[in-house]
Amino acid sequence: MKTNLKDLIPQDVLNFLDNILTKTKGYDVYLGGGFLRDIYYNKLNDLNPEWYYPSSHTQPRVPKDLDIFFIPKVNEVVQELPVLPKTYINYDIAAIDIPDVRENVKHVRGLFMKTLSTRDIQFIVYDKSMSMKALAEDMDISINQVMYHPESELGYMTDAFTNSHEDKTIELLHEFETSRMIARIKRMEKKFPDYTLVHEISQDAFDFYESAEEAKKRMKRRGTSTGSFINDEE
């Protein structure tokens, strides 16, 4: 569903996106994922991240970072990612070196901008063209399936996104390695304790995952390696 998300986005972030647009060639640029999820959650629950509710179970969400997606345009030559003043590049990693990266991602660049209201930024570069709808649907968790296109000032929310926030559920919509799926939905559960998980993963798989994670913690506390990096990668 196309919608107006612009009014929810802080003005300094909108200005930052406009600056990116003027310096970007060959890519469509989108803001999506966790940032829009959190500000949408706050709006839906009439919360302000600058307020604090010590006695309330529902707390306002403060976005952790900006996920900015670069999607190559059809029949256009892509150029280097924009270099922006007053930003620092913390990392620039090819997809092959990123654990659990999404299939269509080419590389990820992490930046920091002290003067921005959300200071940590990720440039997520895809290797193929896709529509805003397809990009939103590429997010694996229902409550993250939202995108904003600053050039057109249009946003897109999947039905899964709106339904999950209304029903307060977290649904896994893509299937991949079981341990990764469990890690993803448990991470979301920790962020949104007032939401309920929806999945088809067996309880045995959850128990095995929890046991493995506890074993890793015990080994770490004892200062013992859990195995070589090379072996783990294999």
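1. In this predicted model, Leu 31, once its neighbours within four places in sequence are set aside, is in contact with Ile 9, Val 13, Leu 17, Leu 36, Leu 66, Asp 67, Ile 68, Val 146, Met 147 and Tyr 148. Together with Ile 68, Leu 31 touches the most other members of the largest nonpolar core, which holds 29 residues. At least two residues of this core are supplied by each of helix 1, strand 2, helix 2 (34-44), strand 3 (66-72), strand 6 (120-126) and strand 7 (146-149), and the largest share, five residues, comes from helix 1.

2. Thr 24 is placed in the loop that runs between helix 1 (11-22) and strand 2 (27-32). Thr 24 counts as buried because its relative accessible area is 10%, under the 20% limit. A polar atom of the Thr 24 side chain lies 2.6 Å from the backbone oxygen of Ile 20, and, when residues up to four places away in sequence are not counted, Thr 24 touches Val 29, Phe 70 and Pro 82.

3. Lys 106 belongs to strand 5, which covers residues 105-112, and is partly exposed, with a relative accessible area of 47%. Although Lys 106 and Ala 94 are twelve residues apart along the chain, their C-alpha atoms are separated by 6.3 Å. Ala 94 is also among the residues that Lys 106 touches, together with Ala 95, Val 125, Tyr 126 and Asp 127, again not counting residues up to four places away in sequence.

Note on methods
Residues numbered from 1 in each chain as written. Predicted model: local features only at pLDDT ≥ 70, side-chain atom pairs only at ≥ 80, totals over all residues. Heavy atoms only, no water. Helix = DSSP H or I, 4+ residues; strand = E, 2+ residues; numbered from the N terminus. Buried < 20%, exposed > 50% of the residue type's maximum accessible area, 1.4 Å probe, protein only. Contact = heavy atoms within 4.5 Å. Polar contact = N/O pair within 3.5 Å; in protein donor to acceptor, adjacent residues only side chain to side chain. Core = buried A, V, L, I, M, F, W, Y, C linked by side-chain atoms within 4.5 Å.
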